[in-house]
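User: I would like a close look at a single part of this model, followed by an account of how that part sits among its surroundings.

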Protein chains: 2
Amino acid sequence: MDAWQLCALLTRRELTAQDVVRACLDRIAEREDSIHAFTALDPDATLSQARALDAGPVRGLLHGLPLGVKDLLDTADFATSYGSAIYAGFRPQADAAPVALCREAGALVLGKTVSTEFAYFTPGPTRNPHDTAHTPGGSSSGSAAAVADRMLPLALGTQTAGSIIRPAAYCGVVGFKPSLRRVASGGVKSLSPSMDVVGGFGRSVRDVALLGAVLTGDARLTGWRELSSADAPRIGFFQTPAWPQADADVQQAWAQAIRVLYAQASDCKDVVTPTHFAELIQLQKDVMTFEMARALSHERVYHRERMSAPLNSLLDDGMAITGAQHAAQLSTVASWRQRIDALFTRHDVLLCPSTTGIAPEGTATGDPLFCRSWSILGLPSVHLPFATGQKGLPVGLQLVGRFGQDHQLLAAAHWVFERLKR
Amino acid sequence: MDAWQLCALLTRRELTAQDVVRACLDRIAEREDSIHAFTALDPDATLSQARALDAGPVRGLLHGLPLGVKDLLDTADFATSYGSAIYAGFRPQADAAPVALCREAGALVLGKTVSTEFAYFTPGPTRNPHDTAHTPGGSSSGSAAAVADRMLPLALGTQTAGSIIRPAAYCGVVGFKPSLRRVASGGVKSLSPSMDVVGGFGRSVRDVALLGAVLTGDARLTGWRELSSADAPRIGFFQTPAWPQADADVQQAWAQAIRVLYAQASDCKDVVTPTHFAELIQLQKDVMTFEMARALSHERVYHRERMSAPLNSLLDDGMAITGAQHAAQLSTVASWRQRIDALFTRHDVLLCPSTTGIAPEGTATGDPLFCRSWSILGLPSVHLPFATGQKGLPVGLQLVGRFGQDHQLLAAAHWVFERLKR
């Protein structure tokens, strides 16, 4: 069952929150030793919150749904380490805004999930549930793996480069990154304010729509009716200039999607690549590098010895970028965000690669290459897992929407996903 | 002496950091009982840090300068309450990014300064140093008052609606709000991410340029040479549609400025008001109200009884604004930010009112009316105190710059301020 179905049963009181929590805890007990998705769990507290929910009125859209929270978000009742030894055992004073919003809507925070070190590349212990020799991707490693392994129906993640879409793809779940700045970010460790977004993972598009509606306060995210073939979305096929780095598995998933969608959606076209689109990759890297070096100033100045070499090296690179360069880049970003909007007069959504291939073997969390442009542009995106690559590992593609039209994107993603899954 | 002069003497070791700290502490001991600018002070720790600085190499642009930090920014060594009883005695785990950047550059954090409740309208105990029956303005009340009363050479503040420019005007100091997102905001209590900016206060434009260079990492902020009359800035005079609410004191300051600048700057023109410019006021209010209600979700859900009635009422209003409205408003904001840029092809900087008049009598912190548009547009601005209104209280005007051109704005502001002060 996906979170959407669970939610319906919970709301109609045909299922208790305690039942759902117990089922999750059983699965976790069985699997966590292999997957290592969590940094903290509190079964007793969660069960007691579930009992209270079962005894009271229906609280909201997430009533009784167990939720995993990426350890980059503050929680008042769980230690929060941002994936770093510097903050081992740290207990924040308050819930991050997205956590409080989910709790207000009835969600039960079952545990904190593994993040890479400050959401950069140094991995935590999490393994890919489809094959534990492979990475789950990063940085929202634990959230994606826990949902993929059916330990949880829903989990929160964050994306700065590719930290929602990439682990969703590697673990074979649906991942949703909302439009930039639609979700409150207070209490989320700040890395690159020009890009940081809170979103999440579920097993269906409807699941992440439920979570997205709570995070954005926009009821339209769950309010869409099923699209008929007559009002199928106008899909732009956009391999992007990075396409040569997509491997055979992604090429195959792409061919499969094109075939299905051309047959069923009447208005599909190749996207005409905007001039200089390829520059967005480097722009995303530069802005992120500058901003992370400043955002992590406390850690950089006082705790250098407790950070990994790759992170220290990133922060050094960031301090070498001047504020003058950053100001110019922010202006370029603003122009791009206006320019990209023109694409959406011809297409409702863009179909694009999510990753270069299946989850790599080993612990390195993979390449966010195909996510960087959408992150710096601040556009909403959804990963759709519908294919299988080498070793039976999942592959899929992402749909990218117009800024602020997250509800349109999700309606289109649901329509597309129903057709690709078959 | 302004911070710039102190900095020169400190860097040349003609003055010790200990001397400067002691002078500040003496002034604070004398005046704090009347002004109430601080929430926390630690003279011993600051003096011991000063001794360490005096014994070591010159650290950076702020070497040995005592700094006040608005209590909306986290500090690892001072309690941080965000102006709210909810966080009384709370000790953060880390310095906010701007605090760490200032310390890295050699600043000595002497104390935390009073903020209104979560930087909204419920005032703290701070009084206006020019007349303690009047407000210092808000929300950066303590920082503006401490600098105005010569307790500190420099202090950090934040602006979401008018929380730097307004208290700077009421207290008669220079206030600087940088371009949106040029300054890292990690560890600063998030209120409205579409507008929140960290900046500060000093006694001269050079002072805030020094602080701004450290906060933005842009050396051009202090690198400008004095402008000659030949390259005087092209100033656009822009009363804005809210002008009818400017009182006689502001009108007089305006007339004085126009007279001086017309005579000395060769290319001054009235700004042609962009169509629908007046809508920015309501847009700023709506976006802030929506975002504060979500940013303060933890407090809203769990600590309602410990917040003031005006704040609870704002948060209720914010929850009544839908995410759909917010998404539309974010798009409008993005368009406006592009549109406003066209003004700066004709003008280098805009001269605009800062406040409706002098600091009001009583504790209410005054109206941010003349700051709201520039806050939602994300443009950099500097308040210049150069005139005197009723009861001898300070009045001034603000200069607004092009996005990302903070260095040009500061060079122009220095040029203008030198002429208006005479």
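In S10(A), which residue is the bridge partner of A:Phe176?

Analyst: The model is a predicted one, and within it the bridge partner of A:Phe176 in S10(A) is A:Val382. That bridge belongs to the pairing of S5(A) with strand S10 (residues 381–388) of chain A, which is antiparallel and runs over three bridges. S5(A) also pairs with strand S6 (residues 197–202) of chain A, again in the antiparallel sense and over three bridges; here A:Gly175 stands opposite A:Phe201 of S6(A).

In a regular strand, side chains alternate between the two faces of the sheet. For strand S5 (residues 174–177) of chain A, A:Val174 and A:Phe176 lie on one side, A:Gly175 and A:Lys177 lie on the other, and all of them are buried, so that both faces of the strand are covered.

The same surface serves both copies, since 100% of the contact residues of chain A recur in chain B.

In chain B, eleven strands form an open sheet with mixed pairing, in the order S1-S3-S2-S4-S6-S5-S10-S11-S9-S7-S8. Its edge strands, each pairing on one side only, are strand S1 (38–41) and strand S8 (269–270) of chain B. S8(B) runs parallel to strand S7 (residues 235–237) of chain B, to which two bridges join it, and B:Gly236 stands opposite B:Lys269 in S8(B). Helix H7 (residues 205–216) of chain B packs on this sheet, where it touches strand S4 (154–159), strand S5 (174–177), strand S6 (197–202) and strand S10 (381–388) of chain B, and its direction makes about 150° with that of S6(B).

In chain A, helix H7 (residues 205–216) also meets helix H1 (residues 3–11): their axes come within 7 Å and cross at roughly 65°. The residues that meet are A:Ala3, A:Trp4 and A:Cys7 from H1(A) and A:Arg206, A:Asp207 and A:Leu210 from H7(A), and by class this contact has four nonpolar, no polar and two charged residues.

Finally, the contact between the chains takes 43 residues from chain A and 43 residues from chain B. On the side of chain A that touches chain B, H13(A) gives the most, with ten residues, and by class that side has 17 nonpolar, 16 polar and ten charged residues.

Key: Residues are numbered from 1 along each chain as its sequence is written. Chains are lettered from A and ligands numbered from 1 in the order in which they are written. This is a predicted model: local features need pLDDT of at least 70, side-chain atom pairs count only at pLDDT 80 or more; totals for chains, interfaces and linings use all residues. Axes are lines fitted to C-alpha atoms, for helices over the stretch in contact, and angles run from 0 to 180 degrees between N-to-C directions. Helices (H or I, at least four residues) and strands (E, at least two) are DSSP runs, numbered from the N terminus. Two residues are in contact if their C-beta atoms, placed from the backbone, lie within 7 Å. Ala, Val, Leu, Ile, Met, Phe, Trp, Tyr, Cys and Pro count as nonpolar, Asp, Glu, Lys and Arg as charged, and the others, Gly among them, as polar. A residue is buried if 20 or more other C-beta atoms lie within 10 Å of its own, exposed if 12 or fewer, and partly exposed in between; C-beta atoms are placed from the backbone. Two strands pair if DSSP finds at least two bridges between them.
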